[in-house]
Amino acid sequence: MNWSHRYAGPLGGDAGILGQLMDSREKLAILPTPLHRAPRLSAAIGTEVWLKRDDLNGVALGGNKLRKLELLAADARRHGADTLVTVGAPQSNHARTVAAVAAMLGMDCDLILGGPRPAEPEGSLVLDLIFGARLHFAGTTEWAELERAAGDVAAEAASRGAHPYLMPTGGSVPLGAAAFAAAYAELREQCRAEGLRPAAIVHASASAGTQAGLEIGRKMHADADVTIIGIDVAKITGSLAGEVGRLAAQTARLLRVSEPTTPPQVLDGYMGAGYSIPSAGGNRALRLLAATEGIITDPVYSAKALHAVCEEQVAGPLVFWHTGGIPAVFSAESGLAAWPS
Ligand SMILES: Cc1ncc(COP(=O)(O)O)c(C=O)c1O
């Protein structure tokens, strides 16, 4: 795709910056990801639902992190990096995707993961190992301590003569979020081709980057009639809406476009008992999508967001942005690896 061409236009600011960034990204994903109708799910819940399939982007079993990492990996390359270092939970989609990106770019990878080393690797951990990442279990789940441990690992790598690059947590910095401003344009073009005018875009939201980027994309195209609804599945920050607003403003400054003026919409109440703990409602939604469309969501992000779609009676047509996370289905914590009673 010729992104420079795509963004050269009257989009409210120097839209060419996004085009230049997209042109200079590491081109790792299969884009555009598909957009298609979900007719049986729509009939089951009584709202017209379309699925934006970022679970099908071709790398490490898919997911939203890859779009951000294409831009951040290009930045790592510009800095002469040969080692990517990042932090995450053991089933982290971000960490797994960083491991895959490092493999694709011929770089080393160190992952600093929360908690103790499990007896057996499961889910994303299996893939982290296959991609050749070095895994460091920090013992703690405190984010500040994980970040500190990442700094130590990077310093140690540098002392060996390596050139480490610290990938920001979740890729949620303005440069990463910018990828979702471009993703919004990708979706918009697909909607136009389908004759679809979505009333809402719904997705799992956690570290704010996906939603902040989509908000910027919407603003750049002046699509005031499209509502973007992030389902808070992590409660990492006190106010996710505040965090999305802050990151969107920073991203707008990076891209030199005007900042969104409406507050971001974030919906609470679907995380369940906690971040990375499956919920009964989320797993019901996961089974519903699987039974109606043959499509798998993940129990701690996309399925919880889908649960909100099932419950909230959001006016359609709506686009459910499938942000991936598939490998977590195969971890013991998913609660899915059990015989029916
Ligand atoms: C599968 C999945 N969906 C959604 C999200 C949320 O994206 P963001 O952190 O950009 O809000 C994540 C982030 O970890 C994820 O792994």
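The ligand lies between domain 1 (3-63 + 172-334) and domain 2 (65-170), because both give residues to the shell around it. The domain bounds come from an automatic or database domain assignment. This is a predicted model: local features need pLDDT of at least 70, side-chain atom pairs count only at pLDDT 80 or more, and totals for chains, interfaces and linings use all residues. Residues are numbered from 1 along each chain as its sequence is written.

Now look at the shell. The ligand is surrounded by 20 residues; a residue counts as near if its C-beta atom, placed from the backbone, lies within 6 Å of the molecule. The closest are Asn93, Ser207, Tyr301, Thr323 and Gly325. Helices (H or I, at least four residues) and strands (E, at least two) are DSSP runs, numbered from the N terminus. The top contributor is α9, with 3 residues.

What is the shell made of? It has 15 polar residues, 4 nonpolar and 1 charged. Here Ala, Val, Leu, Ile, Met, Phe, Trp, Tyr, Cys and Pro count as nonpolar, Asp, Glu, Lys and Arg as charged, and the others, Gly among them, as polar.

Next, step back to the two domains. Their C-alpha centres lie 24 Å apart. In domain 1, 30 residues are in contact with 26 residues of domain 2; contact means C-beta atoms, placed from the backbone, within 7 Å. On the side of domain 1 that touches domain 2, helix α8 (residues 174-194) supplies the largest share, 6 residues. That side has 16 nonpolar, 11 polar and 3 charged residues.

Methods: Two residues are in contact if their C-beta atoms, placed from the backbone, lie within 7 Å.
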